[in-house]
Amino acid sequence: MSARIELAEVDKRFANGVDAVRALSVVIAPGQFVSLLGPSGCGKSTALRLIAGLERPSAGRVQVGAAPADERIEVMSYVFQEPTLMPWASVIDNVALPLRIEGTALRPARDRARQALAAVGLAGRASAYPAELSGGMKMRASIARALVTHPAVLLLDEPFAALDEITRQRLNDELLALWSEQAPTAVFVTHSVFEAVYLSQRVLVLSGQPGRLIADLPIALAYPRTPALRLQPQFMQHCRNVTEALECGQLATAETRP
Amino acid sequence: MSRPRRAAALVPAVSAAAALLAWEAIVRLRGIPPYILPAPSLVVQTLWNNLDSLLLSWLYTIKITFGALLLALAGGVALASAFALSRTLERALFPFAIALQVTPIVAIAPLILIYVDSTTAALLICAFIVAFFPVLSNTLIGLRSADPNLQDLMTLYGATRWQRLRWLLAPSALPYLVAGLKISGGLALIGAVVAEFAAGAAGRETGLASRILEASFRTEIPKMYAALTLVALTGIGIYLASNALSRALLGRWHPSGRS
């Protein structure tokens, strides 16, 4: 299950005058894994919130599946940079929350949550509280919560930015495995070139504020991708291309600034 | 109880015992007369001799204190929830809450005693006025301090108002409510005692404040101390009870419970 995402000439200007996104037009095919890459403050998180329907565009149109994003006819999930777990609830109840909101009874919701936890390797910690977990485990629980509903769209906002490099690479692999199993349309915001190339079929590069699309680069590397890929020349070549696009964008932005 | 925790509990007991011993020693060695400062042993003896009347008064004060605290809890939480739902309501009513809070209760108590026939009801109202504000303001802050990302998550999954309240806002507000309750518990006792002082010692149904007043009219200093001891013990009991409640409700997940 997956949904098509379309942004058509989307502008987002906040009430405080910040111009976050300008004239952004993108079509993301169902089941595609796309990364949004750009310097900090370039509006990538805003773009993600627009797709989630948590923000409304100032101009243009955001469509998820057959309807505008904020009508939410498709099941969407969101993974934040922080694990964003409820500290007062056990891990399993945190993961079961989206199902409970949907109206699933406690017992079946917990059963499905247990399966989702097993998929991220946290089966043994179901009754622990978030404060009792490490940073990587909390993020795994957060991903389990995002996938427990089998979403059509999976949105990830720099989910691994606060983790150490080893945990981050392991979680990248786990995320790819889960994505290929459930095949939702995935949009991954990051400021790491390597992470974007390693994960995605396509990297969208945004310029600095206001965020504009400056490059749309396909990553022609086969799945499943394994850690060995990071050392191969094609991988390096893609990273170089993305880095160049990123730098061109920053140059261009710097030139247009008064 | 583990060994370090038992040791930690022992420290305040030892320091309290040491203070009482020092008090007793100073009174005896210096020969301070009991109408100026009675020794702790005399206070205990006086307490024992007047046990019947003091116990009845004590029960009355406890009744007022906990009655007011329950009212404050119910009223504070209800009003905070209403304010959390409507900013307009908050703007309209919050000034009244603040006015009640900042006006000293001794200044309002005589009026309430005039307006309300039953002394018990009047005392209850006074203690409530003093106790409810911390519950109100803390709960309101708590309801508004829910993690914005979790708020977004609720929106994303299409949670109803009730689901949001039950699964996000109420648990977020709980630590704040408990902190407010800790303050309100002490204030309810102060309100109950102060209002009774304002009411004066009269009638059959009276609390510890009336015993203190009576004793002071008759310059029975040891009896004043005996009643005062009961007031202090009540306050300490409320403090310990609210700490226990806090641990029971927040123990496993909130940083305050994991010390």
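Reading chain B from the N terminus, the elements go α-α-α-α-α-α-α-α-α-α. In other words, chain B has ten helices and zero strands. Please keep in mind that this is a predicted model.

Some overall figures for chain B. Its C-alpha atoms fill a box of roughly 75 × 55 × 25 Å along the principal axes. The chain has 259 residues, and 37% of them count as buried. If we take contacts in chain B with a separation of 6 or more, 76% are between residues 24 or more positions apart.

Next, where chain B meets chain A. Here 16 residues of chain B are in contact with 16 residues of chain A. On the chain B side, helix H7, residues 148-156, and helix H8 each supply at least two residues. Which helix gives the most to that side? H7(B) does, with six residues. Sorted by class, the side of chain B that touches chain A has eight nonpolar, five polar and three charged residues.

In soluble globular proteins, nonpolar side chains tend to be buried together. In this model, the largest nonpolar core has 143 residues, and A:Ile51 and B:Ala127 have the most contacts inside it. Helix H8 of chain B, residues 161-199, contributes the largest share of this core, 17 residues. From chain A, the core draws at least three residues from each of domain 1 (11-74 + 153-258) and domain 2 (84-151).

Last, a look at A:Ile51. What does A:Ile51 touch, leaving aside neighbours within four places in sequence? The contacts are A:Ile5, A:Val62, A:Val64, A:Ala69, A:Leu155 and A:Val187.

Methods
Residues numbered from 1 in each chain as written. Chains lettered and ligands numbered in written order. Predicted model: local features only at pLDDT ≥ 70, side-chain atom pairs only at ≥ 80, totals over all residues. Core = buried A, V, L, I, M, F, W, Y, C linked by C-beta atoms within 7 Å. Buried ≥ 20, exposed ≤ 12 C-beta atoms within 10 Å, placed from the backbone. Helix = DSSP H or I, 4+ residues; strand = E, 2+ residues; numbered from the N terminus. Domains from an automatic or database assignment. Contact = placed C-beta atoms within 7 Å. Nonpolar A, V, L, I, M, F, W, Y, C, P; charged D, E, K, R; others polar.
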